[in-house]
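Hi there,

Have a look when you get a moment.

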Amino acid sequence: MQKWYQIFHKSTGLSPYVWVVFYILPFYFIFRSTSTYQVVFGTLMIVMFFAFYVLSFLAKGWLVYFWTSLQILISITMSVVFGYVYFSLFLAFFIGNIKNKAGFITLYSIHLVTTIITVNYGLLTRNPFFITQLPFMLVSVVGVILLPVTNYNRNKNDQLQGQLEDANKRISELVKLEERQRIARDLHDTLGQKLSLIGLKSDLAGKLMTQDTERAQAEINDVRQTARTALKEVREMVTQMRGTRLTDEIFRIQQILKAAQIELTFEGTLEPENLSLMNENVISMCLKEAVNNIVKHSNATACSIVIESTETDLVARVKDNGTGFVTDARNRGNGLRGMRERLEFVNGSMELTSGEGTTLVLRVPNVLRMPDKEAGI
């Protein structure tokens, strides 16, 4: 349950001043009575209602339903004796805050039925209080019907939103943990074995230094080569961790195609504004694989790459004038399969067609930005 002072709901569209009117209004219905007994009795009912209202917010378990039931009885009494049905609106908001579905349905049904019966009783008995404020009575009945459901659904959505945020945080933590474990495995596989090898060969070279100079020199050369290989692998690993930018990848593509004597035509932007780093890395890796396929398999002499950004997607078209692919070639090969899996991971897509050469269309979603006003800028 919410705190008792949260009866001023921010998203109901009702100003707190309206609630102040509902606090004061019952006294108007009471003090217009000529009987001192009725004035005292009505004042006692009002005090008891708000006391039970606060207690129901503070209570837990079955006490919530107990205090709410007493409020319903007071609301019925005030409606019959003084024609004041507006306590039902307080109850409508409170019942909408109950998280337990069974408890909500039970109290909602009881409150709705008793309110309708009370209003109909006042109209049938031609109570002047009910007749004079008939439009407001109807508004109150509509409020009793709609407000609890609206409040309950809003709280349910807030709860689901909170659970979703918690799940996203948990996923983020798991991703970070998995990334740390992957880095640890890569470092172990990359450096651990080679550093052990360097240590063993260094010890062996030290022992052979006075016995077999040529063999010791060979071991030192092996140590030097192993160290260079380890350094190269570490640099490659760090590069993969940093990700690949479109600008760097297009530069490498130009070098590869120039070495393969394939003419490159490029159009588009290399710095899309709304593309996340992950999606940029994915599209860069897919472009790299596509160009490798052109160099190895297409026998092409020309290649064109067009990168354009729409409101929702970044589209990259790679086309060559090579021999194309044979039937079902799109379903074969680890390269194409890996590209498709990378794109599906970021909700992207890939289209491959063959006619006069091969055309590959890669799509990754852009990050949708809120307008300045909505973003609070």
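Below are some notes on helix packing and on a sheet.

This is a predicted model, where local features need pLDDT of at least 70 and side-chain atom pairs count only at pLDDT 80 or more, while totals for chains, interfaces and linings use all residues. Numbering starts from 1 along each chain as its sequence is written, and side-chain values use heavy atoms, without hydrogens and water.

Helices (H or I, at least four residues) and strands (E, at least two) are DSSP runs, numbered from the N terminus. Axes are lines fitted to C-alpha atoms, for helices over the stretch in contact, and angles run from 0 to 180 degrees between N-to-C directions.

Helix H3 (residues 62-82) packs against helix H5 (residues 101-124) at about 10 degrees, with the axes 10 Å apart. H3 is therefore roughly parallel to H5 (angles under 35 degrees). Their contact (heavy atoms within 4.5 Å) includes Tyr 65 and Ile 72 in H3 and Leu 107 and His 111 in H5.

Helix H2 (residues 36-58) and helix H4 (residues 87-96) cross at roughly 5 degrees, their axes coming within 12 Å. So H2 is also roughly parallel to H4. Among the residues in this contact are Phe 49, Phe 50 and Phe 57 of H2 and Phe 90 and Phe 94 of H4.

Then there is an open sheet of five strands, ordered E1-E2-E3-E5-E4 with mixed pairing (two strands pair if DSSP finds at least two bridges between them). Its edge strands are E1 (263-268) and E4 (349-355). Strands E2 (residues 302-309) and E3 (residues 313-320) run antiparallel, joined by seven bridges.

Best wishes

Methods. Angles under 35 degrees count as roughly parallel, over 145 as roughly antiparallel, 65 to 115 as roughly perpendicular and the rest as oblique.
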